[in-house]
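Student: Could you walk me through this structure? I am new to it.
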Amino acid sequence: MLRDVSSCNTYNYGDALYWDSRYVQEAGSFDWYQRYSALRPFVRHCVSTSSRVLMVGCGNAVMSEDMVKDGYEEIVNVDISTVAIDMMKRKYEDVPQMKYLQMDVRDMSFFPDESFDAIIDKGTLDSLMCGTNAPMCAAQMLGEVSRLLKNGGVYMLITYGDPRARMPHLNRSVFNWKIELYIIPRPGFQKPGDPPSNVKPCLEPIPLTEKGLLPEDYTMEDPDSHFIYICKKVDESVELSNRSTDPLTDDLRLESLSLGKD
């Protein structure tokens with residue numbers, strides 16, 4: 001679980017000073033990877049409009065604005081950059097559905113446990129993976145994401161990281177997440193020689209191997225596609241209640257364990 005060296009440049013994307021400087025120079029809005037129009041089918045499929053949503057690493061993107069226009073009722077936006085948060089607070093001071101807070105995603109102790117129905121991340125984990133101490137920073141952030149999600153809640157990660165790079169961080173027993181993977185081409189992608197067309201996203205999850213990787217024979221139409229991981233927090237109480245309570249079955253299981261020790 002190393003740093004994303006091959007996808008990083010000389011900038012430290014995990015550093016607040018870098019982002020403050022960038023947002024001072026770039027006053028306009030910018031959405032990483034994909035606009036809401038492309039992500040809408042996935043968001044609407046996984047997140048109800050009445051959900052309390054946390055947008056991590058919101059920056060100066062308009063995705064939250066587009067979601068509010070689409071009917072979402074409460075979106076809390078956090079970012080490590082004070083410059084970005086102050087700018088967005090002024091921009092949306094008359095939009096009660098959107099709140100902005102300066103916060104480091106590695107420590108979101110401001111919020112109590114199980115505060116959100118959904119958490120959306122468009123490039124924030126990627127930023128940490130390009131910074132120093134990447135594995136530790138990723139673990140800290142994902143631990144906070146897991147803590148803040150309600151049982152049955154969803155963490156939606158939009159990233160350039162394929163399963164080889166991201167599943168070791170996501171597919172950990174401590175999180176107890178059920179993970180589905182979707183793949184979406186870059187905006188404006190078209191096959192060479194094909195006429196321009198609107199590429200419709202596929203809402204069928206990609207089948208993964210037992211190790212959580214893409215099948216060897218799987219081919220992406222766009223080699224630079226983006227990956228969408230839908231991580232659903234499993235309700236442990238429901239999971240336990242679904243286990244067998246048949247005394248005979250329990251006795252057989254205990255007998256099997258006992259024989260295994262002999």
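Tutor: We can start with the sheet and then turn to a single residue.

Tutor: This is a predicted model, where local features need pLDDT of at least 70, side-chain atom pairs count only at pLDDT 80 or more, and totals for chains, interfaces and linings use all residues. Residues are numbered from 1 along each chain as its sequence is written, and side-chain values use heavy atoms, with hydrogens and water left out.

Student: In what order do the strands of the open sheet come?
Tutor: The order is β3-β2-β1-β4-β5-β7-β6, an open sheet of 7 strands with mixed pairing; strands are DSSP runs of E with at least two residues, numbered from the N terminus, and two of them pair if DSSP finds at least two bridges between them.

Student: And which are the edge strands?
Tutor: Those are β3 (98-102) and β6, each of which pairs on one side only.

Student: How many bridges join β6 to β7?
Tutor: There are 8 bridges between these two strands, which run antiparallel, and Trp-177 has Lys-233 in β7 as its bridge partner.

Student: New topic: where does Asp-222 lie?
Tutor: Asp-222 lies in the loop between β6 (177-184) and β7 (226-233).

Student: Is Asp-222 buried or exposed?
Tutor: Asp-222 is buried, with a relative accessible area of 0%, where buried means under 20%, exposed over 50% and partly exposed in between, using a 1.4 Å probe and protein chains only.

Student: Which residues is Asp-222 in contact with, leaving aside its neighbours within four places in sequence?
Tutor: They are Pro-185, Arg-186 and Phe-189, with contact meaning heavy atoms within 4.5 Å.

Technical notes: Helices (H or I, at least four residues) and strands (E, at least two) are DSSP runs, numbered from the N terminus.
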